[in-house]
Amino acid sequence: MELETIAERLGDAVLEIVTEGTKDPFLVVEASRIREVMALCRDDSSLAFDLLVSITGADYPPREVKKKAKKGEPAPESEVVPGRFELVYHLLSTKTGGRLVLKVRLPHEDAPSCDSISEVHPAAEWHEREAFDLLGIRFFGHPDLRRILCCEDWVGHPLRKDYVFPKEFHGISAE
Amino acid sequence: MTDLESTPKEGTREIVLDVRTQDMEINMGPQHPSTHGVLRVVITADGEIITSARPYVGYIHRCAEKIAECVTYDQFVPYTDRYDYLAAMNNNLGYCLAVEKAAELEVPPRATWIRMICAELNRIGSHLIAFGTYGLDLGAFTPFLYGFREREWMMSLFEKICGARLTYSFMFPGGLANDAPEGWFDEVLRFCDVFDRKWREYDALLTRNKIFIERTRDVGVIPAEMAKAYGLTGPCLRGSGVRFDLRESAPYLFYDRVSFDVPVGQGEMGTVGDCWDRYFVRMAEMLQSTRIIRQCVELCLAETTPGEVMAKKPKTLKIPPTEVYVGVENPRGELGHYLVTDGKDKAFRLKIRGPSFCNLSIIPAILPGTMIADAVAIIGSIDIVLGEVDR
C-alpha cells in the first residue's frame with residue numbers, strides 16, 4: 001500500500017511523510033497520539049498492521065538540514081532539526097506482508113517520555129523496557145517499567161551518545 | 001483437584017475440599033538444564049498450579065548494539081555470530097543484507113545461491129537442536145544423540161567451506177569470504193538425501209511417541225490472535241495456524257525462484273497452537289529446507305561459474321546517511337536489523353530485533369494456570385536462545 005494512502009487514513013496525527021534520506025520511507029506521528037494511531041493501524045481493515053515487530057529509539061545530535069535551491073533563486077536557509085530522541089515503531093501485516101515504519105520525535109531533551117502502547121500491543125511491554133534501559137526513555141502507562149537487559153543498579157543508559165563508559169563495576173576494573 | 005470439584009457421579013458422595021495451600025515462590029534458573037541457557041523464571045505456584053511467572057533476562061547482555069557503533073561494518077560480522085549462536089549463518093545473512101541495502105552493494109549471484117544453501121543448512125542444524133533438547137526436556141534422551149549425529153555432518157560441511165564449526169563469520173557485506181571448495185555441492189546433496197531418510201527415524205522415535213504426545217498436546221496453547229499480539233514470529237507463529245513466512249510473503253535473496261511449502265500448525269494431536277504443533281512445524285520445516293537446498297544447488301551450478309563471490313567495494317566501507325530495516329526468516333523467527341548510517345565507516349545506530357526476545361515475552365501470559373511440570377514443556381517449545389534474548 002502506498003505511504004500516502006496510509007497517511008491519509010491516519011489523518012492529522014501524521015506530521016510528516018519522509019521519503020528522502022532513507023531507504024524505507026516513514027511517517028512522523030504526533031507523540032501524544034501514538035496510542036490512538038497504533039490502535040487504528042491494527043484495527044482498520046484496510047491497514048491491518050497486526051504485528052508489532054520492534055520499538056527502538058535513536059539519540060540524534062542536533063543537525064543541520066540543507067535545502068536545495070531552486071533554479072534562479074538564492075539558496076534557502078538551512079534548517080536546524082533540534083533532535084534529540086526519536087522512537088521508531090516497525091509494524092508488519094501478517095495478511096499482506098506489508099511493513100510500516102512510524103517515528104515519534106520526543107520533545108524533552110534530557111528526560112524524554114512517551115505514552116506506552118502496551119495496551120494495544122502486549123509485545124510492546126518488553127520493547128519499551130529495552131528502550132528505557134538502553135536509552136532512558138520513559139513510557140507513561142507502562143505496567144512494569146524496569147531495566148531488562150542491564151542489571152538493576154547499572155548507572156546510565158548505554159546507547160545515549162553522551163554515555164560515559166564506567167571505569168569499574170562493583171570493584172571490578174574495566175580498564 | 002479439578003476432578004473432585006466437578007459434579008459428582010451418581011451414587012458417589014460429594015467431597016468438599018478444605019485444603020488451602022500457601023502460595024510458593026519457586027526459582028527456576030539461571031542455572032537450570034531445561035531453560036536452554038541463563039534464563040531465570042520466578043514462578044509463584046499454588047500447589048502444582050502456576051499462578052504467575054516472571055522471567056528475568058540479561059545475564060549475558062553484551063550490548064552488541066553499542067559495539068556496532070564502535071567497530072567498522074566488516075568488523076561487526078563476528079559479533080553477529082554470537083547472538084543466535086545456533087544459527088550463526090542466518091545472523092550473518094541478516095546483518096549483511098541490511099548493510100548491503102544501505103550501501104547499495106550488488107552481490108554476485110553465486111554468492112547469493114551459496115548464502116541460501118548455508119542459511120537452510122543452518123536452519124536444519126538449529127531445528128535439530130530444538131528437536132533434541134525438546135526430547136531431553138521431556139525425559140527422552142535418545143533423540144538428542146540422533147539429532148547431534150546429523151548435525152555433526154552439517155557442521156563438518158560448514159567446516160569445509162569456512163573453517164569454523166559454530167561461529168562462522170562466512171558472509172560479509174558484499175558477498176562471501178570465499179567460494180565453495182571442490183566437491184562441496186556434491187556432499188551437500190548427499191547430506192540432503194541421507195537426512196531425508198534419517199528424518200523418518202526422528203519421526204518414529206519422538207513425534208509419534210505416545211508419552212511425548214501426552215506431554216505436549218493441549219499444553220501451552222497459544223491462539224493465533226494472542227501470538228500476533230505478542231509479536232511472535234517463526235515456528236511459534238506458524239504453530240498457531242498463521243501462515244506467515246518472510247521467505248514466502250516478502251522474498252529476499254532468490255527465495256522467489258524456488259518452490260517450498262510453509263508448514264502451519266493444524267491441531268493434529270489436540271488444539272491448534274499447542275506445544276506439539278510448534279514442535280511439528282519445526283520438524284516439517286527441515287524437510288522443506290532440504291527441498292530448497294536441492295533446487296539451490298541445481299540452479300547455482302547451472303547458472304554460475306566458480307570464482308566471483310564478492311561485490312566490488314572499497315576496503316573500508318563508508319555509507320552515506322540513510323536508514324534501512326531488513327528482516328530475514330531465522331530458524332526462530334524474524335531477525336531484524338534496523339541500521340542508521342551517517343556517512344562514517346561505523347554505524348550510527350544498529351538495532352537488532354531478535355526473535356527469541358519477542359517470543360519469550362509471551363511466557364508471563366501463557367504459564368499461569370498450567371502445571372509446574374508443563375512449564376518446562378512450554379518454555380522448551382518456544383525454543384529460545386539466550387544469546388539472542390540478551391544480545
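A: Start with the largest nonpolar core of this predicted model. This core holds 151 residues. Five of them touch the most other members: Leu91(A), Ile114(B), Ile117(B), Leu339(B) and Ile378(B). Helix H5 of chain B, residues 109-137, gives the most to this core. Its share is 13 residues. In general, nonpolar side chains of soluble globular proteins tend to be buried together.

Now look at Ile114(B). Leave aside residues up to four places away in sequence. Ile114(B) then touches Leu176(B), Ala180(B), Cys300(B) and Val309(B).

Next comes the contact between the chains. Chain B brings 34 residues to it, and chain A brings 26 residues. Several elements of chain B give two or more residues to the side that touches chain A. The helices are H2 (64-70), H4 (88-103), H9 (224-229) and H13 (355-360). The strands are S6 (322-330), S7 (333-341) and S8 (349-353). S6(B) gives the most to this side of chain B, with five residues. By class, the side of chain B that touches chain A has 16 nonpolar, eight polar and ten charged residues.

Last, turn to Val194(B). This residue is found in helix H7 of chain B, which covers residues 184-207. Val194(B) has 13 C-beta neighbours inside 10 Å, so Val194(B) counts as partly exposed. Glu150(B) is 44 residues apart from Val194(B) along the chain. Their C-alpha atoms are separated by 9.0 Å.

Note on methods. Residues are numbered from 1 along each chain as its sequence is written. Chains are lettered from A and ligands numbered from 1 in the order in which they are written. This is a predicted model: local features need pLDDT of at least 70, side-chain atom pairs count only at pLDDT 80 or more; totals for chains, interfaces and linings use all residues. A nonpolar core is a set of buried Ala, Val, Leu, Ile, Met, Phe, Trp, Tyr and Cys residues joined through C-beta atoms within 7 Å. A residue is buried if 20 or more other C-beta atoms lie within 10 Å of its own, exposed if 12 or fewer, and partly exposed in between; C-beta atoms are placed from the backbone. Helices (H or I, at least four residues) and strands (E, at least two) are DSSP runs, numbered from the N terminus. Two residues are in contact if their C-beta atoms, placed from the backbone, lie within 7 Å. Ala, Val, Leu, Ile, Met, Phe, Trp, Tyr, Cys and Pro count as nonpolar, Asp, Glu, Lys and Arg as charged, and the others, Gly among them, as polar.
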